[in-house]
Amino acid sequence: MFLHKIDEELSLKLVDLKDSEEMFQLVDTSRDHLKEWLGWLDFTNKVDDTKEFIQGCMRSYAENKSMNTVILYKGKMVGTAGYNSINWSNKTAYIGYWLHQDYQGRGIMTRVAKALTDYAFEYHKLNKVDIRAAKENKKSRSIPERLGFVEEGTIRQAEWLYDHYVDHVVYGMLYEEWKLKK
């Protein structure tokens, strides 16, 4: 079982079926907040939906295609983060994340994204890490900006969110850039 301690407060743990109920409750209690930027909320209406998601994550991890973790803050689940996909041919990982509204503003996601970036380069020996966020999602975009990722461009109408399209801003960090920041 993957467990990565970031610091005294934060750890990342590979998602597991035992997390289904707690993860569903976390999503459900933050539904209105998360719905602004995440398009999958309407498909997560019961614990079984979360179980299906976790089973897919576990399958994808076993196939070495992704790595989805729960964020533990002082031992409590507060969100998820990980590599939504890993492209081994191009040596690239794509980080995705969300955090319960009650835990924002504490630097949690910045530390998590940094840890995932470090892990991608140190452990997986990847060449590039990408983070994508909706153009208007200033909080999410501030994370790669704070970590020194390079804004690479905008993908127009990249995602359908319930009743409208949103553009995505793409941020990237190359191994050689990361090495200079160490």
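Does A93 count as buried or exposed, and at what relative accessibility? At 0% relative accessibility, A93 counts as buried (buried is under 20% relative accessible area, exposed over 50%, partly exposed in between, with a 1.4 Å probe and protein chains only). The model is predicted: local features need pLDDT of at least 70, side-chain atom pairs count only at pLDDT 80 or more, and totals for chains, interfaces and linings use all residues. Residues are numbered from 1 along each chain as its sequence is written, and side-chain values use heavy atoms, with hydrogens and water left out.

View 1. Helices (H or I, at least four residues) and strands (E, at least two) are DSSP runs, numbered from the N terminus. Leaving aside neighbours within four places in sequence, A93 is in contact (heavy atoms within 4.5 Å) with Y83, S85, I86, L126, K128, V129 and D130. S66 lies 27 residues from A93 along the chain, and the C-alpha atoms of the two are separated by 8.3 Å.

**View 2. The protein chain and its elements.** The protein chain has six helices and eight strands, which run β-β-α-α-α-β-β-β-α-β-α-β-β-α from the N terminus on. The radius of gyration is 16 Å, close to the 16 Å that the globule rule gives for 182 residues, so the chain is as compact as a globular protein of that length. This radius is taken over C-alpha atoms, and the globule rule is 2.2 Å times the number of residues to the power 0.38. Of the 182 residues, 48% count as buried.

View 3. V70 stands opposite T80 in strand 4.

**View 4. Aromatic pairs, of which the structure holds seven.** Rings of Phe, Tyr and Trp (its six-membered ring) pair if their centres lie within 6.5 Å; planes under 30 degrees apart count as stacked, over 60 as edge-to-face and the rest as tilted. Y73 and Y103 form an edge-to-face pair, 5.9 Å centre to centre with 70° between the planes. Y73 lies in strand 3 (residues 67–73) and Y103 in the loop between strand 5 (92–99) and helix 4 (108–122), so the pair ties together parts that are 30 residues apart in sequence. Both Y73 and Y103 are buried.

**View 5. The stacked pair of Y119 and Y123.** The centres of these rings are 4.8 Å apart, with 20° between the planes. Y119 counts as buried at 15% relative accessibility, whereas Y123 is exposed, with a relative accessible area of 55%.

Note on methods: Pairing = 2+ DSSP bridges.
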